[in-house]
Amino acid sequence: MTQEELFLKKLCEINPLLGKTHLLIVSKTRSLEDIKTYYKLGHRDFGENRVSELQEKSLALKEECPEIRWHMIGHLQSNKINLLLKTPQLYAIHSVHDPELVLKLIKSQEKLNHEVGIFLQFNTSQEKEKSGFESYKELLSCGKKLAQEKKLKLFGLMTMGTLRTDDFETEAQRCFQELNSLKQKLEADLQIPLQTSMGMSQDYKMALKEHSDWIRLGTMMFS
Ligand SMILES: *Cc1c(COP(=O)(O)O)cnc(C)c1O
């Protein structure tokens, strides 16, 4: 099977399951060729977890893939914000994990010449090594600040299911349901529609059951 045939097979398997859910293909550590192959098959949304890799890939593919939409999904250090905001075709940042980062993004946004979506990351699994907001109060106060911005647009909330667990399905369901109820609460308080970004290769089926707006798939789209 050629690489193109394999990728087409992957898309044909996943697309019928999606409904209204968007697929974000996580291309971290994958080559430019891999990304171009999916692009040629009509896919547009790609996610990276390191700013430097995202920057390099977006510059390299700017001409060949003019309709690509880049998503930053990995831990964001505040000293990388300026570089991130200069990324061509940056569409959304899924991993805005604390109030300080929100303030820094708001301060740096003159660098943007187009709108960028923001997902606030919530730590539903409460695993120590995971980052993310931990209280609704902080989500609400950051949501209010972002709702007033023009270039940064509050898209919604992101989370990751528990990684270290014997029963990841039950755990993922718990995490995703918690994110859904936080989203509903925030929508009611801010009076704006919001989206969710949840589900990876190991738990995307649970995310689909919970009507995630975005699933982020890496491993299973490349093997
Ligand atoms: C790597 C990564 C993914 C994709 O994970 P897979 O298990 O390869 O599907 C999704 N979200 C985040 C935040 C990631 O870092």
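Author: **Charged pairs and their surroundings**

The side chains of K183 and E187 come together in a salt bridge, with 3.9 Å from N to O; the term stands for a side-chain nitrogen of Lys or Arg within 4 Å of a carboxyl oxygen of Asp or Glu. The model is a predicted one, in which local features need pLDDT of at least 70 and side-chain atom pairs count only at pLDDT 80 or more, whereas totals for chains, interfaces and linings use all residues. Residues are numbered from 1 along each chain as its sequence is written, and side-chain values use heavy atoms, with hydrogens and water left out.

K183 and E187 are four residues apart in helix 7, so about one helical turn separates them; helices (H or I, at least four residues) and strands (E, at least two) are DSSP runs, numbered from the N terminus. With a relative accessible area of 14%, K183 is buried, where buried means under 20% relative accessible area, exposed over 50% and partly exposed in between (1.4 Å probe, protein chains only).

By this rule the count of salt bridges comes to 15. In one of them, E64 pairs with K36, the closest N and O atoms being 3.2 Å apart. E64 lies in the loop between helix 3 (51–61) and strand 3 (69–72), while K36 belongs to helix 2 (residues 32–40), so this pair ties together parts that are 28 residues apart in sequence. The two partners fall into separate classes of accessibility: E64 counts as partly exposed at 48%, and K36 counts as buried at 14%.

Another salt bridge joins E48 to K57, where the closest N and O atoms are 2.9 Å apart. Here E48 is buried at 0% relative accessibility, and K57 is buried as well, with a relative accessible area of 7%. Both residues belong to a network of salt bridges that links E48, R50, E53 and K57.

A nonpolar core is here a set of buried Ala, Val, Leu, Ile, Met, Phe, Trp, Tyr and Cys residues joined through side-chain atoms within 4.5 Å, and the largest one has 59 residues, of which L23, I93, L120, I215 and M221 touch the most other members. Helix 7 gives the most to this core, with seven residues. There is also a second, separate core of eight residues, including I73, A92, F155 and W214.

Taking contact to mean heavy atoms within 4.5 Å, and not counting residues up to four places away in sequence, I93 touches M72, L76, L84, L85, L105, V116, G117, I118 and F119. Within strand 5, the bridge partner of I93 is I118. Strand 4 and strand 5 run parallel and are joined by three bridges, two strands being paired if DSSP finds at least two bridges between them. In a regular strand the side chains alternate between the two faces of the sheet. In strand 5, V116, I118 and L120 point one way and G117, F119 and Q121 the other way, and all are buried.

S95 is found in strand 4 (residues 90–96) and is buried, with a relative accessible area of 0%. Its side chain reaches the backbone oxygen of G74 at 2.6 Å; a polar contact is a pair of N or O atoms within 3.5 Å, where within protein one must be able to donate a hydrogen and the other to accept it, and residues adjacent in sequence count only if both atoms are side-chain atoms. Leaving aside neighbours within four places in sequence, S95 is in contact with M72, I73, G74, L76, L101, F119 and Q121.

Helix 6 brings helix 7 and strand 5 back into view. Its buried residues are Y136, L139, L140, C142, G143 and L146, and what covers them includes helix 5 (99–108), strand 5 (116–121), strand 6 (152–158) and helix 7 (168–190). The expected span of a helix is 1.5 Å times one less than its number of residues; the twelve residues of helix 6 (residues 136–147) should therefore span 16 Å, in agreement with end C-alpha atoms that are 16 Å apart.

Finally, in the loop between helix 7 and strand 7 (195–197) lies Q191, a residue with a positive phi of about 60 degrees although it is not a glycine. Q191 counts as exposed, at 67% relative accessibility.
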